[in-house]
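Here are a few notes to go with the model you asked about. Have it open while you read.

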Amino acid sequence: MVGIVGYGAYLPRYRIKAETIARQWGTDPEAITRGLQLYEKTVPGQDEDTITISVSAARYALRRAQIDPQEIGAVYIGSESHPYAVKPSGTILIDALGIGPNVHVASYEFACKAGSEAMYVAYSHVKAGEMKYALGIGADTSQGAPGDALEYSASAGGAAFIMGSERVVAEILFTHSYTSDTPDFWRREGESYPRHGGRFTGDPAYFKHIMGAATALLEKSKMSPEDFKYAVFHMPNGKFPNEVGKRLGFKKEQLEAGWIVPWMGNTYSGSSPTGLAAILDVAKPGDLIFMVSFGSGAGSDGFIYRVTDEITKVQDRAPKLREMLDNQKTYLNYGEYAKFRRKIKLND
Amino acid sequence: MITARYHREIPQRYRLEAGKCLACGHLSFPPRLVCPECKAKKFETVTLSDEGTLVTFTVVRVASDKFSKETPFPVGIVELNGGVRVTAQIADANIDELKIGQKLRIVFRRIQDDGKAGILCYGYKAIMA
């Protein structure tokens, strides 16, 4: 049995309300909260980035797994906001957590699915028998241009998953990836903010790829939507994951536990991974979980997990995602937010 | 260029590694070559607790150029469980709520950078537990 042996998530404590952003740009707040189903989002502190978020999430994953960090053979961090263009984020994380130096490290990038890519490869290493444990992380301090629709959703957070074959808390039963050349969202080298194709990001991109991966995963597993207790899809806004769930035949009750986007925002590479962490926080032995990520460009990674008896032993060993989401919030006004996100041009 | 010094201090700044004197048990943080208590020269590496108590603090309102955009920010002396005291910035803090004696937890944060194109420096800060 190969799967997740430890998981952890981390969200910064700072928040900005969608209403605050809307008023700044003279937009109707109702249109955002009702149309996109976004109420507020997380904002990284001035001293937080993808690396510090990854370290916090991975520390919680280690606390749950209770393994020797030296036994981790690979560390992969998926993000579209790696602090360095050249120097893998994982090099700093391994030294912070006492992993390595005998370890394979890489940074992954695939828009919002870089985190599930990291999980996918970490899982594959363990399944192939190449190593005892491997760590896959999805984390971001997402970028959204001032005044753009993305500014209401682009948030910060991440989740870490240690894959192994002993004391597995969620066995991975099936995986499937679905990818094509679809220019729905991109950021060119040296640009500060991503660009997107507006409505083109919907049917030809998000829905096509998630449905492609999900349909293949259901066929491969010979399962149907009603077999699952929980499902989580990439969450660019509140509306899309509900809509794709409905199109695939999932019910609202199956999506609720992982549907954290209205109060967290889109943590890009951390989106479906943090949703999965929220589900694992409340899952019971025997539950089946259906997960499909989406990364613009475009592609989706799908996973089917079966929760084991071990889950109840680890759930309380580290903070739960909903606790971080609902408590200890510090709200920012737009000026503070612009300063925190370094949107104000300063002298060098 | 701060690269060499930063790299040398990684075990302390990232993982709170201290030197425990094999003769008298005194903890030195950062580690020393000679024990300040018994003058012995043999140590073992131990990792300090990431939990502690706020001993005292001040609020920096006029900072050096590198930290001037983060003001006001508190800096405190934290007594970690086990007795070692460290000086650390207290992150995410509501200054009005900070109180001597309160419980703190050490976290991993970005400390500074070596200019726009230089390295990023990470290390420990404290947050309210």
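1. A quick term before we start: a strand here is a DSSP run of E with at least two residues, and strands are numbered from the N terminus. Keep in mind too that this is a predicted model.

2. Let's pick one residue in chain B. B:F108 sits in strand β7, which covers residues 103–113 of that chain. Is B:F108 buried or exposed? It counts as buried, because its relative accessible area is 3% and the cut-off for buried is under 20%.

3. Now chain A as a whole. Chain A holds 13 helices and 14 strands. Its radius of gyration is 19 Å, close to the 20 Å that the globule rule gives for 348 residues, so chain A is as compact as a globular protein of that length. Along the principal axes, its C-alpha atoms fill a box of roughly 55 × 45 × 40 Å.

4. On the inside of chain A, 62% of the 348 residues are buried. Of the contacts between residues at least 6 apart in sequence, 80% link residues at least 24 apart.

5. Last, surface and charge. Chain A has an accessible surface of about 13,500 Å², with 48% of it belonging to carbon and sulfur atoms. There are 39 positive and 40 negative side chains in chain A, and the centres of the two sets are 2 Å apart.

Notes: Residues are numbered from 1 along each chain as its sequence is written. Chains are lettered from A and ligands numbered from 1 in the order in which they are written. This is a predicted model: local features need pLDDT of at least 70, side-chain atom pairs count only at pLDDT 80 or more; totals for chains, interfaces and linings use all residues. Side-chain values use heavy atoms; hydrogens and water are left out. Helices (H or I, at least four residues) and strands (E, at least two) are DSSP runs, numbered from the N terminus. Buried means under 20% relative accessible area, exposed over 50%, partly exposed in between (1.4 Å probe, protein chains only). The radius of gyration is taken over C-alpha atoms; the globule rule is 2.2 Å times the number of residues to the power 0.38. Contact means heavy atoms within 4.5 Å. Accessible areas come from the Shrake-Rupley method with a 1.4 Å probe; for residues, only the protein chains shown count as cover. Lys and Arg count as positive and Asp and Glu as negative; His and the chain ends are not counted. The place of a charge is taken as NZ of Lys, CZ of Arg, CG of Asp or CD of Glu.
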